[in-house]
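Please read them with the structure open.

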Amino acid sequence: AADGALPLDLNLVSIPGLVAEAVANASPGAAKQRITVLLDAGVGPPVHGDSRRLLQAFDNLIGNAVKFSHTGGQVRVVASCDGTTWRIDVSDTGIGIPPEDVVRLFGPFVRGTNARIAGLPGTGLGLSIVKVLVEMHGGRVDVDSVLDEGSTFSVFLPVAT
């Protein structure tokens with residue numbers, strides 16, 4: 001695209017199928033840290049989307065959830081549809097995000113101060129990419145986090161009409 005946006009290769013995408021693929025991608029790395037990745041995907045209509053780009057977004061969110069979880073922790077991925085919108089929640093029981101960082105979280109190169117202090121790897125680019133990819137699909141990303149208890153990232157995507 002001339003405006004510098006990533007061109008999307010749009011097709012009808014099954015969210016349960018895509019999320020299952022992302023969970024499968026993350027599971028070997030999670031297993032190494034003794035972290036369980038649980039998937040609960042409901043049924044619903046497809047979305048108009050670029051499956052590769054959406055997979056990249058989910059891979060990123062699930063990978064983050066695993067990275068910031070404690071050994072023996074759990075990452076839950078729940079996908080549900082209310083008929084018009086898919087909601088995909090990626091929840092972890094990890095280090096959480098300081099409230100002052102949540103507001104800036106989706107900017108490029110922003111990392112949680114506690115992630116930096118803990119010496120966890122990362123460029124801080126992941127979430128800004130997730131946000132761009134989701135918004136290119138007409139969706140949005142929210143985060144709900146409690147320090148030391150964990151975080152839930154929620155992706156909302158409109159169903160194909």
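**Notes on the predicted model**

1. Helix α5, residues 126-136, has Leu127, Ser128, Val130, Leu133 and Val134 buried; buried means under 20% relative accessible area, exposed over 50% and partly exposed in between, with a 1.4 Å probe and protein chains only. These buried residues pack against α2, β6 and β7, where contact means heavy atoms within 4.5 Å. An α-helix has 3.6 residues a turn, so residues three or four places apart point the same way. After α5 comes Gly138, with a positive phi near 75°.

2. On conventions: this is a predicted model, in which local features need pLDDT of at least 70 and side-chain atom pairs count only at pLDDT 80 or more, while totals for chains, interfaces and linings use all residues. Residues are numbered from 1 along each chain as its sequence is written, and side-chain values use heavy atoms, with hydrogens and water left out. Helices (H or I, at least four residues) and strands (E, at least two) are DSSP runs numbered from the N terminus.

3. The protein chain has five helices and seven strands. Read from the N terminus, its elements follow the order β-α-β-β-α-β-β-α-α-α-β-β. Of its 161 residues, 40% count as buried. Among contacts in the protein chain with a separation of 6 or more, 68% are between residues 24 or more positions apart.

4. Which strands make up the open sheet, and in what order? There are five, arranged β2-β4-β5-β7-β6, with mixed pairing; two strands pair if DSSP finds at least two bridges between them. The edges are β2 (36-41) and β6 (140-146), and each has a single partner strand, so one side of each has no neighbour in the sheet. On average, neighbouring strands of this sheet are turned by 10° against each other, direction ignored.

5. Within the sheet, β4 (residues 74-81) and β5 (residues 85-92) run antiparallel and are joined by seven bridges. Val78 faces Asp89 of β5 across this pairing. β5 also pairs with β7, in the antiparallel sense and over seven bridges; here Ile88 has Val155 in β7 as its bridge partner.

6. Strand β7 is mostly covered, with eight of its nine residues buried. Its pairing with β6 is antiparallel and runs over seven bridges, and Arg140 stands opposite Phe156 in β7. The hairpin of β6 and β7 has three residues between the strands. Asp148 lies in that loop and has a positive phi of about 70° although it is not a glycine. Is Asp148 buried or exposed? Its relative accessible area is 61%, so Asp148 counts as exposed.

7. Arg34 sits in the loop between α1 and β2. With a relative accessible area of 59%, Arg34 is exposed.

8. Helix α1 (residues 15-32) lies across β2, β4, β5 and β7 (150-158), and runs at about 175° to β2. Axes are lines fitted to C-alpha atoms, for helices over the stretch in contact, and angles run from 0 to 180 degrees between N-to-C directions.

9. Two packed helices are described by the angle between their axes and the distance between the axes. For α1 and helix α2 (residues 51-67), the angle is about 40° and the axes are 9 Å apart. That makes α1 oblique to α2; angles under 35 degrees count as roughly parallel, over 145 as roughly antiparallel, 65 to 115 as roughly perpendicular and the rest as oblique. The crossing of α1 past α2 is right-handed, meaning that the near helix is turned clockwise from the far one by less than a right angle.

10. Which residues make the contact between α1 and α2? From α1 they include Leu18, Val19, Ala22 and Ala26, and from α2 they include Leu54, Leu55, Phe58 and Ile62. By class, the contact of α1 with α2 has eleven nonpolar, two polar and two charged residues; Ala, Val, Leu, Ile, Met, Phe, Trp, Tyr, Cys and Pro count as nonpolar, Asp, Glu, Lys and Arg as charged, and the others, Gly among them, as polar.

11. Ala160 belongs to the segment after β7. Leaving aside residues up to four places away in sequence, Ala160 touches Leu12, Pro46, Val47 and His48.
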